[in-house]
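User: I'd like to learn how to read a structure like this one. Could you walk me through a few features?

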Amino acid sequence: MTVRTARSCLTSLALLLLAFAAGALAPLQQSWASPGLTPAEERGRQIYFDGTSPSGAPIIAYFGKDYLEVPGESATCTSCHGFDGLGRTESGVIPSNVTWQHLMKSYGHVHPDGQVHGAFNEESLKSYMRDGLYPGGVLGDPAMPVYEISEQDLDDLIAYMKRLGIHPDPGVSATTVRVGTIIPAEGATAALGEALTATVRASFADVKERGGVYGRNPELVVATIASGQDLKSVFRRLVEEQQVFALLNTLTPGQERELETLAEEFHVPLIAPFAPVHTDDQLLHRYRFHLHGGVREQSLGLVSFAIKKRGAGDFRIAIVYPAREEIEEVAVSIDDACRAGGGQRVVRISHAPGLFDAAATVSRLQAEQVEVVFFLGGEGESDSFFREAEARAYIPSFFMPGFLLGKGITQVPAAFSGKVWLAFPSLPEDRKEWGLAEFNAVMGRQRVVVGNPTVQLTAFTGAKLFLEGLRRAGRDLSRERFVETLEKVFEYDTGLAQTITYTRNHRIGTLGTHVVVVDPLQAGTEKFIIPQGWIDLE
């Protein structure tokens, strides 16, 4: 790989990451009915999966002889009995099969613990959920909570349980699985969106020519969104009218939070290249999967690297950032990580977005003898910082997520040689010979021009993960089975990035970052950008 190629790849990756930077948007309140479900069944589906009532009425679960009280959303039906009602053995507990056909067996039930009882009917099943007694007054499974739940909600839950395991998901037929994506209709990022979709189409076409996945051919449905257009309406058209099974490689700059909220609320799997800036609890992210970490993960990787490199000495650390909500969250995370690593002299310096005063900032940093700067501003702000710092002969160690620096990587002053450390979620060094050969072969067979290799390799990686999820999910495909399958992906090697791992509460596939050091004195040589290794954030 030539120096020019390496620099081009990093710049291309920076642009793609920048397009995925999320705005801090308010969550949506939205209702949606699954195709084929009655209103009562849809309400029951929410109760089964989320443990919450569509009416807003409380649902409370009580565990054990002491009746430990927890909210319904912490004791959902699906957490034990699974999306299909068949039950999932965990920690020695064997949850019951709660499909309707099984529950209503006319000859009753014999449980693994030896309990025997007669057949359920609707009323005795409701009674069991409320008081924990099997038909005939037999004490039920002690691992099963009892619920405080309204009659209407219980009726709706029963209505949905009658459909468990037999309700087909949208976008899936015997011959096709429809996959949606949303890309910009205009502007600087439109070309990135076109590169993403061209690559995914090629991947899907190649699979189709080889017989599909269990006979199903993946089909990409592309929706575009113009500036100022309502994302919610675009999403609804994909989900309700186009009936897509999942979303893949979406590109909605500044609207990632809204899109992910919709994916969670509508129970639509979403595979996206990069995690957005926000730091929501990943336990709430059941339907969203990210290939790589975003600015927060890159920043925490830099902190880990800085502590390892400098130790926990008594030196002054500053975090410089624009006062935007999502960036503020990252600054707090950096502050916490620095202090946890032994750096107690940390100061946060914020400025109004778009109003960075380099002279005042550098003057303050120099006066306070700050030795380490974590910078979260944009490319223009970093340029002005470098110029001002060089003029004042102030040369601190400078750490910054690579995508924020962007093309400014080529403008780092000579005085900062070996003092600028950047983070990237992926580097050309991650790409294995066999992974590149596979990518080039598919693009060649499908006659797709590789004009933006970094963007297209990222899209290809996402498509590979999606197709692998389909294969592992098996013939009886459903959204819930697909999500459960991805949750079990462990060190999956695409040949194009770090290995990918997910768990129930881990939704970033390559949770870590590369750190590189920039040496402007070596511009034009292989040593201009020197990789320093992968920082694992597990």
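Analyst: At 39% relative accessibility, Cys80 is partly exposed; buried means under 20% relative accessible area, exposed over 50%, and partly exposed in between, with a 1.4 Å probe and protein chains only. One note on the source: this is a predicted model, where local features need pLDDT of at least 70 and side-chain atom pairs count only at pLDDT 80 or more, while totals for chains, interfaces and linings use all residues. Residues are numbered from 1 along each chain as its sequence is written, and side-chain values use heavy atoms, leaving out hydrogens and water.

User: How many disulfides does the structure hold?

Analyst: A disulfide is a covalent bond between the sulfur atoms of two cysteines. The cut-off here is a pair of cysteine sulfur atoms within 2.5 Å, and the structure holds zero disulfides. The closest cysteine sulfur to that of Cys80 is in Cys77, at 9.1 Å, so the two are too far apart for a bond. Cys77 itself is buried, at 15% relative accessible area.

User: Which residues of helix H5 are buried?

Analyst: Helices (H or I, at least four residues) and strands (E, at least two) are DSSP runs, numbered from the N terminus. An α-helix has 3.6 residues a turn, so residues three or four places apart point the same way. In H5 (residues 122-131), the buried residues are Ser124, Leu125, Lys126, Tyr128 and Met129. Their cover includes helix H4 (100-103), strand S5 (133-134), strand S7 (146-148) and helix H6 (151-161).

User: What do I find at the ends of H5?

Analyst: Asn121 caps the N-terminal end, with a side-chain oxygen 3.1 Å from the backbone nitrogen of Glu123. After H5 comes Gly132, whose phi is positive, near 80°.

User: Which side chain meets Lys126 in a salt bridge?

Analyst: A salt bridge is a side-chain nitrogen of Lys or Arg within 4 Å of a carboxyl oxygen of Asp or Glu. Lys126 pairs with Glu151, at 3.3 Å from N to O. Glu151 lies in helix H6 and Lys126 in helix H5, so the bridge ties together parts that are 25 residues apart in sequence. Lys126 is buried at 7% relative accessibility, whereas Glu151 is partly exposed at 37%. Both belong to a network of salt bridges that links Glu123, Lys126, Arg130, Glu151 and Asp155.

User: How many salt bridges are there by this rule?

Analyst: The count comes to 29. Another one joins Asp493 and Lys432, at 2.4 Å from N to O. Asp493 sits in the loop between helix H17 (479-487) and strand S18 (508-510), and Lys432 in the loop between strand S17 (420-424) and helix H15 (433-445), so this pair ties together parts 61 residues apart in sequence. Asp493 is partly exposed, at 23%, and Lys432 is partly exposed as well, at 35%.

User: Which residues have the most contacts inside the largest nonpolar core?

Analyst: A nonpolar core is a set of buried Ala, Val, Leu, Ile, Met, Phe, Trp, Tyr and Cys residues joined through side-chain atoms within 4.5 Å. The largest has 60 residues, and Met161, Phe466 and Leu470 have the most contacts inside it. Helix H16 (residues 453-473) gives the largest share of this core, eight residues. Apart from it lies another core, of 56 residues, including Val295, Phe385, Tyr394 and Ile535.

User: And what does Leu470 touch?

Analyst: Contact means heavy atoms within 4.5 Å. Not counting residues up to four places away in sequence, Leu470 touches Val177, Val213, Tyr214, Phe245, Leu477 and Phe482.

Methods
A polar contact is a pair of N or O atoms within 3.5 Å; within protein, one must be able to donate a hydrogen and the other to accept it, and residues adjacent in sequence count only if both atoms are side-chain atoms.
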